[in-house]
Amino acid sequence: MSYEEWIPYGRHSISEEDINAVIETLKSDWLTTGPKVIEFENRIAEFCMASQAVVFCNATAALHTACQALEVGSGDIVWTSPNTFVASANCAVYCGARIDFVDVDQDTYNMSIESLEEKLLRAKKENCLPKVVIPVHFSGQSCDMRAIYKLSQEYGFGIIEDASHAIGAQYYGKPVGSCEYSDITIFSFHPVKVMTTGEGGAALTNNPAIAEHLKLLRSHGITRNTAQMLNEPEGPWYTEQIELGMNYRITDLQCALGISQLKRLDFFIEKRQLLAKNYNELLKNLPIKLPIVDTNCFSSFHLYPIQIICENKEKKRLELFNYLHQNKIGVQVHYRPVHLHPYYRQRFGFKVGDFPKAEHYYQGALSLPLYADLTEEQQHYIFEKLRESLL
Ligand SMILES: *Cc1c(COP(=O)(O)O)cnc(C)c1O
């Protein structure tokens with residue numbers, strides 16, 4: 001069996017309704033900030049059982065603004081996971097903060113609670129506690145937010161969940177994004193993620209002051225609200241810039257797509273769950289470690305990360321990666337630990353060995369194709385090629 005078509009590791013799914021929703025908006029009075037932005041925000045908040053959502057042009061912008069809203073500034077310390085996309089750390093560096101990392105758990109590849117606890121104890125003694133911690137829900141599985149929240153109460157830090165992988169996931173039966181254990185939760189709507197707006201992101205919160213602040217910073221720091229102004233309005237046109245914000249707005253066109261995609265989210269998640277189960281069954285006898293999902297978590301399965309088990313797993317991973325690519329299977333690696341990127345080494349002095357569990361995981365990591373329109377036939381083909389290379 002062979003395939004003409006390239007099988008990517010992730011891919012969007014666009015329906016006729018999705019297309020029509022965008023076309024309708026193109027014909028309306030609003031192309032950018034209009035009724036679709038507000039409707040999308042309301043629907044995401046409702047879906048996640050959070051009080052408010054604020055949507056952005058991408059998740060990186062939402063993360064940056066979330067850091068600003070929690071008043072991360074120069075001299076502050078922010079911690080995140082090394083096993084993530086660089087944006088989870090960059091957002092704090094944009095604010096002038098010093099970034100540091102907490103090593104991961106060897107089964108979930110999420111921030112390890114033990115490592116976090118140890119690092120907090122040490123940081124307290126050395127008087128360098130973080131202002132904000134950014135747990136990342138790797139592959140769509142929630143971090144242990146109850147434990148992180150408990151530590152935040154004890155040590156006094158804010159929490160931003162980077163849930164870029166995890167819209168549609170659940171933790172103890174509640175949607176990720178409910179912000180039960182955090183100040184702000186961030187989603188990404190990039191096309192490889194679980195649902196898409198082309199580019200896009202959202203910040204959820206239960207704190208009305210934070211939501212207001214996020215909206216202000218999303219659009220230059222300009223307010224029309226007289227209660228926030230320093231001076232008397234000089235006329236009906238009058239606005240004031242009261243802080244330094246950015247233009248991080250998202251368009252009505254994108255939000256029309258987002259509203260339509262959100263209606264399909266349950267289907268997307270069901271499909272990803274089913275495909276993950278198929279992989280679990282197909283791959284169970286290969287020399288690889290399959291994803292482990294905690295019993296308290298329901299994963300959105302943005303990724304299906306496998307871990308190669310053998311002597312020289314870096315070499316084997318490279319061979320396997322190349323073999324699969326030759327056979328048009330677009331596997332990817334998530335993630336090369338953030339602290340090992342040249343920028344982070346040079347700017348903050350990180351080095352190999354700083355976060356050994358994340359580094360060890362990276363050496364044998366491979367993400368198999370997983371997206372709503374992947375077929376069972378394609379999964380069998382992927383299994384065959386994996387077996388050919390591994391056995
Ligand atoms: C994709 C991703 C981001 C950035 O999302 P954008 O919408 O592309 O800015 C941030 N963090 C993680 C963990 C991601 O996977």
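The model is predicted: local features need pLDDT of at least 70 and side-chain atom pairs count only at pLDDT 80 or more, while totals for chains, interfaces and linings use all residues. Residues are numbered from 1 along each chain as its sequence is written, and side-chain values use heavy atoms, without hydrogens and water.

**Largest pocket**

- The largest pocket holds about 590 Å³ of space; a pocket is an open set of points on a 1 Å grid over the protein atoms alone where a 1.4 Å probe fits, with protein on both sides within 12 Å along at least five of seven lines.
- Of the 22 lining residues (an atom within 4 Å of a point), Lys215, Leu216, Arg218, Ser219 and Ile222 are the closest to the pocket centre.
- At least two lining residues come from each of helix H2 (35-48), strand E2 (52-56), helix H7 (208-218) and strand E11 (222-223); helices (H or I, at least four residues) and strands (E, at least two) are DSSP runs.
- H2 gives the most to this lining, with 5 residues.

**Backbone features**

- His334 and Tyr335 are joined by a cis peptide bond with omega about 0°, and Tyr335 is in the loop between strand E16 (329-330) and helix H11 (342-348).
- Met49, in the loop between H2 and E2, is not a glycine but has a positive phi of about 60°.
- Phe301, likewise not a glycine, has a positive phi of about 45° and is in the loop between strand E14 (297-298) and strand E15 (304-308).
- Phe301 has a relative accessible area of 8% and is therefore buried (under 20%, with a 1.4 Å probe and protein chains only).

Key:
Points joined across faces, edges and corners; volume = space filled by probe spheres on them. Buried < 20%, exposed > 50% of the residue type's maximum accessible area, 1.4 Å probe, protein only.
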